Amino acid sequence: MWKFNMTWRPQYRSSKYRHVFGKPATKENCYDGVPITSSVHDNHLCAVNPRFIAVITECAGGGAFLVLSINHTGKVDPHHPKVSGHRSNVLDIKWNPFNDFSIASCSEDTTVKIWDIPEHGVVKNITVPWKELQGHSRRVGLIEWHPTANNIIFSTGYDYQVLVWKLDVPEQVIKNPVRSISVHSDVVLSMSFNTDGSRLATSCKDKKIRVIDPRSGVLLQESNCKTHKASKVLFLGNLKMLLSTGNSHWNHRQIALWDQDLSQSSYSENLDGSSGVLFPFYDPDTHMLYIAGKGDGNIRYYEISPEKPYVHYLTEYRSLLPQKGMGVMPKRGLDVCSCEIFRFYKLVTTKSLVEPLSMIVPRRSESYQEDIYPMTAGNRAAVTAEQWIAGLDKGPVMMSLRPGSELDSSAEHPRGQPGLSPLIQERLDGSPTSTDEDSSSTSHVSNGQLDSTHCSPPGTENELRQVFYKQQEDIRRLKEQLHQKDVRIKQLELEIKNVRNSERS
C-alpha cells in the first residue's frame with residue numbers, strides 16, 4: 001500500500017477586505033421619483049459630495065441636472081428646481097473636489113459651465129453660471145477636475161480636442177484655454193489622472209490608451225494592443241499601473257492591467273459576454289477595485305497588489321436592479337462608525353430611483369477602525385492654478401477620517417482669493433456673517449457625517465448607542481493621550497534635573 005505523508009491545504013490569501021459586503025439603502029433612504037436622463041452616453045450621469053447629489057435629468061427645451069441635499073431622501077418633488085442653463089443635453093457633471101458648492105457640467109451645446117450652488121440647496125431654477133467655457137467646436141462629452149491644483153479643469157469633446165482651462169480669471173465667459181491637446185484621432189472615452197496630476201491617461205474610440213503630460217500636452221506613451229479594445233482607463237493610485245476595461249478580440253467584456261510604458265498588458269481577464277460598458281472605480285486607500293457594468297445589477301470587486309498576480313478577486317454584489325450610471329461619495333463623506341469603506345449611488349431608470357449602496361467591512365467593534373481608514377486625500381488644493389501652470393506638481397493634501405478630526409467642511413477657497421464667484425465671495429467676506437456662520441466654517445466628522453449643525457440627532461436606540469460608544473472610545477483615547485503626555489513630562493523633568501546636577505558637580 002502506498003502512503004503519502006502530505007496534507008493538502010487550501011491556499012488562502014490573507015486580506016482584511018475578504019468579507020466586504022454591499023448593503024443597499026432602505027427605500028426611505030433612497031431618492032425616489034428622480035427623472036433620470038434617457039441619454040445613451042456612457043458616463044456616470046451622477047456626481048456626489050458630502051453635501052449634495054447631482055443627477056443629469058430630462059428637461060424640455062434644453063439640458064438640465066438636478067441637485068438635491070444629500071439628506072433629501074424619499075420622494076422627490078417632480079417640480080423640484082433644476083440647474084438648467086444649457087441649450088442642449090447635459091452629458092457629464094463633476095463636483096469641484098475643493099469646493100462643495102461648485103459643480104461643472106458639459107453639454108451637446110459645445111460649452112462647459114461652472115455653477116454656484118447655494119448653501120441651502122437649489123430652491124429655484126438656476127440658469128446663469130459662474131463661468132462659461134467656450135472653445136470646443138462640437139459637443140463636449142467629458143470633464144475632469146485636476147486632482148491637486150485649484151481652479152484647473154479639463155474638457156474633451158467630439159472635436160477630438162482636450163482643453164485645459166484656468167478658472168480664476170475675471171472674465172465670466174472664457175474663450176481661450178490654457179492648453180489645447182491634439183493627440184487623439186477620435187473621440188476620447190475617458191480621462192484619468194495619477195495621484196499628483198502630473199500624468200493624464202485617456203482611452204479613445206480608436207481603441208488606444210495614451211499617457212499625456214497634461215501641462216505641455218506632449219504624448220508620452222501609447223498602447224498598440226490588438227487584442228484589447230479599451231473603453232475606460234484608470235490610474236491605480238501610486239502603484240504605477242493603469243487599468244482599462246473594454247472588449248476582447250471575441251467581444252467578451254474584459255479588464256486589463258498595464259505598466260505605465262503601455263508596451264503590453266501585464267494582466268487581462270475576460271469577465272462575460274454582456275454588451276454594457278464596464279465602469280471601473282479604484283480606492284487607493286484600500287487598493288480595492290470595483291467593476292460595475294452598465295445595465296447590470298451586479299458589482300464585482302477585487303484587491304490590487306503590486307506583485308503578481310496583481311488582481312485578486314474578492315466577491316460580487318448582486319442585485320436585480322440594473323444600474324444606468326453610478327455616483328461615488330468621496331471618502332470624507334463615509335460613515336466610519338459602521339466600517340463603510342466605499343459608497344455608490346446607483347441610477348435605476350426602471351424605477352426612477354437613486355439607490356445608495358454601502359460597501360461594509362464586517363467588524364464586531366463599533367469603535368473607529370484605524371487599519372481600514374488610512375490618511376486620505378482631503379478637500380484642500382495642494383497648489384494654485386498659477387503654481388501648477390508654472391510647473392509645480394504636488395501630491396494631495398491628506399486628512400484623517402477619525403471622528404473628531406477637524407475638517408474644512410465648507411471646502412471653500414481662502415478668503416479674498418481672486419476668481420471666486422460673487423455668491424461664495426459674499427458668503428466669505430459679507431458683513432452679515434454671524435458667529436454661527438463663523439463657527440460652521442470648520443466642523444467635526446461624526447459617524448462619517450458632518451456634526452449636529454448639519455444633521456439631525458440620533459433617531460433610534462441603535463444610533464444613540466453608536467454615538468455613546470463613539471464618545472466612550474474618544475474619552476478613552478483622550479485619557480490615554482493625557483497619560484502619555486504626563487509620562488513624557490516626568491521624563492523631561494528628570495532629564496533636566498540630571499543635567500543641572502551634572503553642571504553643579
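This note describes strand pairing, nonpolar cores and salt bridges in the structure above.

1. Basis of the description. The model is predicted: local features need pLDDT of at least 70 and side-chain atom pairs count only at pLDDT 80 or more, while totals for chains, interfaces and linings use all residues. Residues are numbered from 1 along each chain as its sequence is written, and side-chain values use heavy atoms, with hydrogens and water left out.

2. Strands β23 (residues 253–259) and β24 (residues 265–272) run antiparallel and are joined by six bridges. Here helices (H or I, at least four residues) and strands (E, at least two) are DSSP runs numbered from the N terminus, and two strands pair if DSSP finds at least two bridges between them. Across this pair, Leu257 stands opposite Tyr267 of β24. Five residues lie between the two strands of the hairpin, and in the turn Leu262 has a positive phi of about 60 degrees.

3. The four-stranded sheet. An open sheet is formed by four strands in the order β25-β26-β27-β28, with antiparallel pairing. Because β25 (278–283) and β28 (311–317) stand at the edges with a single partner strand each, one side of each is left without a neighbour in the sheet. Neighbouring strands of this sheet are turned by 25 degrees against each other on average, direction ignored; the axes are lines fitted to C-alpha atoms (for helices over the stretch in contact), and angles run from 0 to 180 degrees between N-to-C directions. Six bridges connect β27 (residues 299–304) with β28 in the antiparallel sense. Tyr302 has Tyr313 in β28 as its bridge partner.

4. The nonpolar cores. A nonpolar core is a set of buried Ala, Val, Leu, Ile, Met, Phe, Trp, Tyr and Cys residues joined through side-chain atoms within 4.5 Å; buried means under 20% relative accessible area, exposed over 50%, and partly exposed in between (1.4 Å probe, protein chains only). The largest core has 33 residues, and those with the most contacts inside it are Tyr31, Ile53, Phe65, Val67, Ile117 and Tyr345. At least two residues of this core come from each of β3 (46–48), β4 (52–57), β5 (63–69), β8 (90–95) and β30 (340–348). Strand β4 gives the most, with five residues. A second, separate core holds 26 residues, including Ala292, Met326, Phe342 and Tyr373.

5. Salt bridges of Lys166. With a salt bridge defined as a side-chain nitrogen of Lys or Arg within 4 Å of a carboxyl oxygen of Asp or Glu, the count comes to 24 salt bridges. Lys166 forms one with Asp168, the closest N and O atoms being 3.1 Å apart, and both residues are buried. Lys166 also meets Glu386 in a salt bridge (3.2 Å, N to O). This second pair links distant parts of the chain, 220 residues apart: Lys166 in strand β14 (residues 162–166) and Glu386 in helix α1 (residues 385–389). Lys166 counts as buried because its relative accessibility is 18%, whereas Glu386, at 40%, is partly exposed.

6. Arg210 forms a salt bridge with Glu222, with 3.0 Å between the closest N and O atoms. Arg210 is in strand β19 (residues 209–212) and Glu222 in strand β20 (residues 219–222), twelve residues apart. Arg210 is buried at 2% relative accessibility, while Glu222 is partly exposed at 34%. Salt bridges link Asp206, Lys208, Arg210 and Glu222 in a network.
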